[in-house]
Amino acid sequence: MTQMEFVDCMRDIAVLANQQQAARGTTPLYCFDNPNVHIGTDALEALAAIGITEDQLLRIAPYSPDFNRPIEHAFGTLKASFRNYLYNHAMLSGA
């Protein structure tokens, strides 16, 4: 994944996360490991341009076995949400 692909993906995620968190009265937190695509200067500037601030970024070590289980759980929950959204969207559009 290139930095621009990463930023495009984060832009889409940020829109949804900001909407959901605004309804709760909270601010989203984004957890990144340390590959250059995530923390390079260009990526950080692009993230700032789409409204993700430095205090919303949580950086973890490149390999963090202690964080693996919570991260995998979070991604499992996120993937389930995407599947439900796509299923509901397909059902509503009659696809």
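The points that follow cover confidence, helix packing and a salt bridge.

1. Basis. This is a predicted model, in which local features need pLDDT of at least 70 and side-chain atom pairs count only at pLDDT 80 or more, whereas totals for chains, interfaces and linings use all residues. Residues are numbered from 1 along each chain as its sequence is written, and side-chain values use heavy atoms, with hydrogens and water left out.

2. Confidence. The average pLDDT (the predictor's confidence in each residue, from 0 to 100) is 77 for the protein, and 81% of the residues score at least 70. Helix H1 has the highest confidence, at 82, and helix H2 (residues 36-39) the lowest, at a mean of 62. Helices here are DSSP runs (H or I, at least four residues), numbered from the N terminus. Where pLDDT is low, the predicted coordinates should not be read in detail.

3. Packing. Helix H1 (residues 3-24) packs against helix H3 (residues 41-49) at an angle of about 25 degrees, and their axes are 10 Å apart. H1 is therefore roughly parallel to H3, a term for angles under 35 degrees. Axes are lines fitted to C-alpha atoms over the stretch in contact, and angles run from 0 to 180 degrees between N-to-C directions.

4. Contact residues. On H1, the contact (heavy atoms within 4.5 Å) is made by Gln3, Phe6, Val7 and Met10; on H3, by Asp42, Ala43, Ala46 and Leu47.

5. Salt bridge. The structure holds one salt bridge, defined as a side-chain nitrogen of Lys or Arg within 4 Å of a carboxyl oxygen of Asp or Glu. The side chains of Asp8 and Arg11 form the salt bridge, at 2.8 Å, N to O. Both residues lie in helix H1, three residues apart, about one turn of the helix.

How values were computed
Helices (H or I, at least four residues) and strands (E, at least two) are DSSP runs, numbered from the N terminus. Angles under 35 degrees count as roughly parallel, over 145 as roughly antiparallel, 65 to 115 as roughly perpendicular and the rest as oblique.
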